[in-house]
Structures are given as C-alpha cells and as structure tokens.
Amino acid sequence: IRDGMFQAVAQGGGEHYLSAFAILLSATPFQLSVLSAIPQLLGTWAQLISVKVSHWFPSQASQVYWGIIGQSVSWVPILALPLLWPEHGPWLLIAGVAVYFTCTHFTSPAWNSLITELLDPNERGAYFAKRSRVVAITSLLVLCAAGALLSLFEKLNLLWIGFTIIFLTAGLCRSASALLLRTIAVLPQHDSGSTPTGFLNFLRTGVSHNFRHFVLFSGLMHAAVLVAGPFFVLYLIQDLHLAHWQYGTWLAAGILGQFLTLPGWGQFGDRFGNKALLTFTGLLVAFLPMLYLFSSAWLFLVIVNFFGGVVWAGLGLGLNNYVYDAVQPEDRAKAVAVSSIVNAIGWAIGTVAGSLLITTIPDRLHLGTFTLEPVSNIPFIFFLSGLLRLIVSATLLRTFHEPRQVEQRAHSRLL
C-alpha cells in the first residue's frame, strides 16, 4: 500500500497532466488521440513479453522492480526531448510516453500474480478497494497541488518550469516505490509441472466461456469510452478556457468520488460478486458523458466528474477483479495480459474513431425550430460515446456470469 502512495504521486502529478503538456506543445486533436492510444497499445504487448521472459528473473518481485525502474527513468525523455526539439514536441512526447507505458505494462502480469498469491480470494475486493482508496486520496492531493503549481507558473509565463517540477517529482517517487518493493518477501514462481503454459494453449484450453465474453465486453467498453476520452482536456482547456487549477479541480473531483466509494464497492464485489458490480456500474457509466451536452458551467462539470469517479471506482474494480476469479491461479498472469491487450485494441479503435468524428461531426444540431449549439462539437462526441457504452452494456452484460459462489440477490434488492 505504501508503494501505491508513491505510485499515486506519479499518476496525480505526472500521468494526469500529460495531455495538458501536449496542449502546451500545440498538439492537434489527432496527436492527442495518438497520445492516448499508441502508448497503451504498445505497452500491452509488453505484457506478452513479460510473461514469456518471467523465468529470466529470480522472482516476480524482481521483475516488477526493474519495470518500475524503467518507468522512473522514462520521465526524463518525456520532459526533456519535447523541450529540446519543440518543433517535433508532440511526437517526441508520444514516443517518451510509449516507453513509460511499455515499462508500466511490463510489470503488470507479475505484480497482479504476486499480489493475488498474498491474498485470500474473498478478501481481494476489500484489499484492492483499500489500496485504491489510498492511491485515490494521495493522487487527489498531488493533483490539486500540481494544478495550483501550474497555474502559478502560467501567470508567470513559465509554464514549462511547472511541468518540469511535477514530472521530475513523478520520476523520483516512482524510484521510491521501487525501493519499497525490495522489502516484500520473495515468492517462488508458479510450478506449472507438466502442464503447457503457452498463450496458445491458454487460449485453447484455459479460457472459459465467461472469460471470453467478459473480455469482449471489456474491450468494447474501452472502445466506447475512448471515443470521447482524449478530448476532455481539449474541451476544458482549449474550448472552455479553464485555468489549470480549474482543470485540476475537475480531475480531483473524480478522484474524490473514487476515494469515498471504493470501500463500499469492494465490499459489494466480495459479497455479491464482480459480475453484479459490473452490471450496476456498466449501465450507469453510459449516462455520464451525455450530461456534458446540457451545460458548460464549470461547477456543473465538476459535479458530473465527481459522480463519474463514483461510478468508475466500481466499474474499474469489477473489471480488474473479475479476471482473477475467471481463470486458474497459474493462468492469472496470462489472463491479465490477454485482457489488457484486448482492452488496448479497443482503446486504439476508440481513439481513432474519435479523432475521425471530431473532424466530421457538426458543431450545432437543428431539430425544427430548436437549435442546440455548444461551444464546439466535442459534447456531441461525448453524447455518442455514452450511447455506445449503453449499447455495449445492454447487449453483452447478459452473456457472462459470476464465477465465484457469492450471495445471490435480485437486481432490485441490490439497488
């Protein structure tokens, strides 16, 4: 959990402001889409490599340690290269972020496998909720501080100094996270015996009906979400001209929503199952981006993102924990990798679709005598993203079931 606190500094003060840094570098909407999609897509292939080379490391903890070191070092080119060659700044930023997320995803299968070996299956929801809550509150505080710092340097016309401070801090804290990991007791690798452990064998014999349909739901949900995802920062900073502290407050509202509700979602998932959690939050998440079409008032948007954090806390927890329950323990690292690759493909498809839509969707809608004219066409893309989420949830949630034995309640009683 202490490792999670330092990781949260890198997220709240680093990852959350990468898109804002891209805007400082005059990134286009297409480059923002690429920034969102390509690093994730490349990074998830690192998970396949991670599983294949896991036997090169003496332990899972050692594999995670070196991946985190790579993340820490990656903050140097992320910051330095775009500032040294600003004419190619957005593309150099994308390259640096791709390296960062490659290292991030390289650690993911080993870390997930390691942590699940330390936990009882019926306690995972509570543990991950507690860890996520610590990460959320730390990220919240750092995010607000970073937003205030950027606003200060923005007034001094030295915004690049603000980004230098928060990105270097993110890298140093990621190094501290790696040092804390060294104190974890080393666990042996899984002894697979005579059972083949390749990906093809896993896909052929180790994947259940539930897991296949869950992965399809998760991948398409990511695609629907990322139709709009890269353009929130563009809408808030460029179209609505919010200050960085206002943008930071908007981000912080979502993290606060996660912080307040993660323990409850964790208990809900442990008691009633992660499928029930996905059903409840998967339907609610569809309506969140639609609300951006009705008002551009800053306070309204902050409130909407707060409830977005509430819903995403449950949905993210369900998507994460369902993978652990749906496969055998020795297959968890491969299942995490397969799920992440499918999600990344959906992520890439969604961002490409969004970048195409932003150049084709009009910025006003005429219905008879009624005209709807937001500040740009981006709220229409948000609404379309919500509609796609609703279609995915309504059609695919019924195709897979809860793999654990949990308390059964009717949906009306769960509500």
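## Aromatic pairs

Two rings of Phe, Tyr or Trp count as a pair here if their centres lie within 6.5 Å, and planes over 60 degrees apart make the pair edge-to-face. In this predicted model, that rule gives 26 aromatic pairs.

Take Tyr17 and Tyr247: their ring centres are 6.1 Å apart and the planes sit at 75 degrees, so this one is edge-to-face. Tyr17 comes from the loop between helix H1 (2-13) and helix H2 (18-24), while Tyr247 belongs to helix H11 (residues 244-272), so the contact ties together parts 230 residues apart in sequence. Tyr17 is buried at 0% relative accessible area, and Tyr247 is buried too, at 4%. Both also show up in a cluster linked by ring pairs, along with Phe232, Tyr235, Trp250, Tyr292 and Phe382.

## Around Phe400

Phe214 and Phe400 make another edge-to-face pair, with centres 5.9 Å apart and planes at 80 degrees.

## Salt bridges

The salt-bridge count comes to two. Arg364 pairs with Asp363 at 3.8 Å, N to O, and with Glu373 at 3.1 Å. Through these shared partners, Asp363, Arg364 and Glu373 form one network.

Key:
Residues numbered from 1 in each chain as written. Predicted model: local features only at pLDDT ≥ 70, side-chain atom pairs only at ≥ 80, totals over all residues. Heavy atoms only, no water. Salt bridge = Lys/Arg side-chain N within 4 Å of Asp/Glu carboxyl O. Phe/Tyr/Trp six-rings, centres within 6.5 Å; stacked < 30°, edge-to-face > 60°. Helix = DSSP H or I, 4+ residues; strand = E, 2+ residues; numbered from the N terminus. Buried < 20%, exposed > 50% of the residue type's maximum accessible area, 1.4 Å probe, protein only.
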